[in-house]
Amino acid sequence: MSFPFFSKLRHKKEHLKLIKQELQRVRSEIAAQVQEFQPHVQQYMEDICHGHGKMIRPGLVLLTAAATGGIKDEHITFAALLEMVHMASLVHDDVLDKAETRRDRPTPNALWGNELAVLLGDILLAQAMVMGSRIGDTRFTHKMALATRDLCQGEIEQSTRLWDIEMSRADYYEIIRKKTATLFAMAMSGAAMLQNLEDTETADHLHRMGTLLGISYQIYDDCLDLLGIDEAAGKTLGTDAEKGKLTLPMFFLLESSSEDIAAQVREAIENHREVNYAALRHTEGFREAIRLSVNEGLTRNEEAREVLWMLPESPAREALAEMTYRLDEMLQDCCR
């Protein structure tokens, strides 16, 4: 289905300007949390929290709040703690992936070693839970804890299924739903919950929209890992292939119409050997795998936009639509 009302937003890329001041409050809240650590921990936390990323999850919290009744102080706290959970997961991810850069900066594990990096991720996650308790709603705290548990379980499932040629595409989608889409879904449904909409159809639809966007974003990230240049992406790439993670483009390569490519990828995975994707990038089979993966992401973005029609017309609803179109563009860039 096509939505002409939203089509004019496709190239504006200004979706976060609407909440510029509120996002700055979120950044200030994160900076304030750093000061709650003991002095010998603060120096590490300041480095970890210094470089803010795209602020996608806080943006979803704040725009959802604005579209469903207005942004409250609790939404600022929620957006900050959700970003801290995300940052903690990145610290742990970089240890697992042996990544050396993130957001154009050395990763904590590259700076201080794996042991300290794991502990720093742990304490960052704990502080986020402390913030959640301050919101004062035990139902919300429980929901946030469940989302965090789901995220961790997704990471565990992925880590225990490396080089697993028997893994299905359904397994892949369940893993990325947990490890990535959970926080996207929590951002939108949690914002609605703080508006006292937790038992409504609106909250269910927003949870679904967040899940769709999170899955689409992970598909984009999986494509980027096979295509990107570290310097352009601002982080270490190629870790999926090196670690033996099966991602959507790899499934399409295994199903490639080119028997040579499919056999080469299968043989490498079965023998726990990194696939030489650089040598495949010029092939039609590789390009087709990326195109099919991108189309899967675009389909989910379109489904996510359908949810927006249940919300009242507002600048915040338009901005949420623009976020989906921006993700469309990021995906489509993978095919260029």
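1. Basis. Because the model is predicted, local features need pLDDT of at least 70 and side-chain atom pairs count only at pLDDT 80 or more, while totals for chains, interfaces and linings use all residues. Residues are numbered from 1 along each chain as its sequence is written, and side-chain values use heavy atoms, with hydrogens and water left out.

2. Cysteines. A disulfide is taken as a pair of cysteine sulfur atoms within 2.5 Å. The count under this rule is zero. Cys-223 is in no disulfide, and the nearest cysteine sulfur, that of Cys-334, is 4.9 Å away. Cys-223 has a relative accessible area of 0% and is buried. (Buried means under 20% relative accessible area, exposed over 50%, and partly exposed in between, with a 1.4 Å probe and protein chains only.) For Cys-335, the closest cysteine sulfur is again in Cys-334, at 6.6 Å, which is too far for a bond. Cys-335 is partly exposed, at 39% relative accessible area.

3. Aromatic pairs, overall. Rings of Phe, Tyr and Trp (its six-membered ring) pair if their centres lie within 6.5 Å; planes under 30 degrees apart count as stacked, over 60 as edge-to-face and the rest as tilted. A pair of aromatic rings is described by the distance of the centres and the angle of the planes. The structure holds seven aromatic pairs.

4. Phe-78 and Phe-140. The ring centres of Phe-78 and Phe-140 are 4.9 Å apart and the planes stand at 90°, so this pair is edge-to-face. Phe-78 belongs to helix α5 (residues 73–97) and Phe-140 to helix α8 (residues 138–159), so the pair ties together parts that are 62 residues apart in sequence. Helices (H or I, at least four residues) and strands (E, at least two) are DSSP runs, numbered from the N terminus. Phe-78 and Phe-140 are both buried.

5. Tyr-217 and Tyr-220. Tyr-217 and Tyr-220 make a tilted aromatic pair, 5.9 Å centre to centre with 50° between the planes. The two tyrosines are three residues apart in helix α10 (residues 201–227), and are therefore separated by about one helical turn. Tyr-217 is buried at 12% relative accessibility, and Tyr-220 is buried at 13%.

6. Aromatic cluster. One aromatic cluster is formed by Tyr-172, Tyr-173 and Phe-251.

7. Charges over rings. A charge sits over a ring if NZ of Lys or CZ of Arg is within 6 Å of the ring centre and within 35 degrees of the ring normal. The charged end of Arg-305 sits over the ring of Tyr-325, 4.1 Å from its centre. Arg-317 lies over the face of Trp-309, 4.9 Å from the ring centre.

8. Salt bridges, overall. A salt bridge is a side-chain nitrogen of Lys or Arg within 4 Å of a carboxyl oxygen of Asp or Glu. The count by this rule is 25 salt bridges.

9. Glu-198 and Arg-139. These two residues form a salt bridge with the closest N and O atoms 2.5 Å apart. The pair links distant parts of the chain, with Glu-198 in the loop between α9 (169–193) and α10 and Arg-139 in helix α8, 59 residues apart. Arg-139 is partly exposed, with a relative accessible area of 44%.

10. Helix α16. Glu-288 and Arg-291 meet in a salt bridge of 2.6 Å, N to O. Both lie in helix α16 (residues 284–307), three residues apart, and so are separated by about one helical turn. Glu-288 is partly exposed at 33% relative accessibility, as is Arg-291 at 31%. Glu-302 and Arg-305 form a salt bridge with the closest N and O atoms 2.7 Å apart; they too lie in helix α16, three residues apart, about one turn of the helix. Arg-305 is buried, with a relative accessible area of 2%.

11. Val-85. Val-85 lies in helix α5 and is buried, at 1% relative accessible area. Leaving aside neighbours within four places in sequence, Val-85 is in contact with Leu-125, Ala-128, Met-129, Met-144, Thr-148, Leu-151 and Leu-183, where contact means heavy atoms within 4.5 Å. Val-85 and Phe-252 are 167 residues apart in sequence and 32 Å apart in space, C-alpha to C-alpha.
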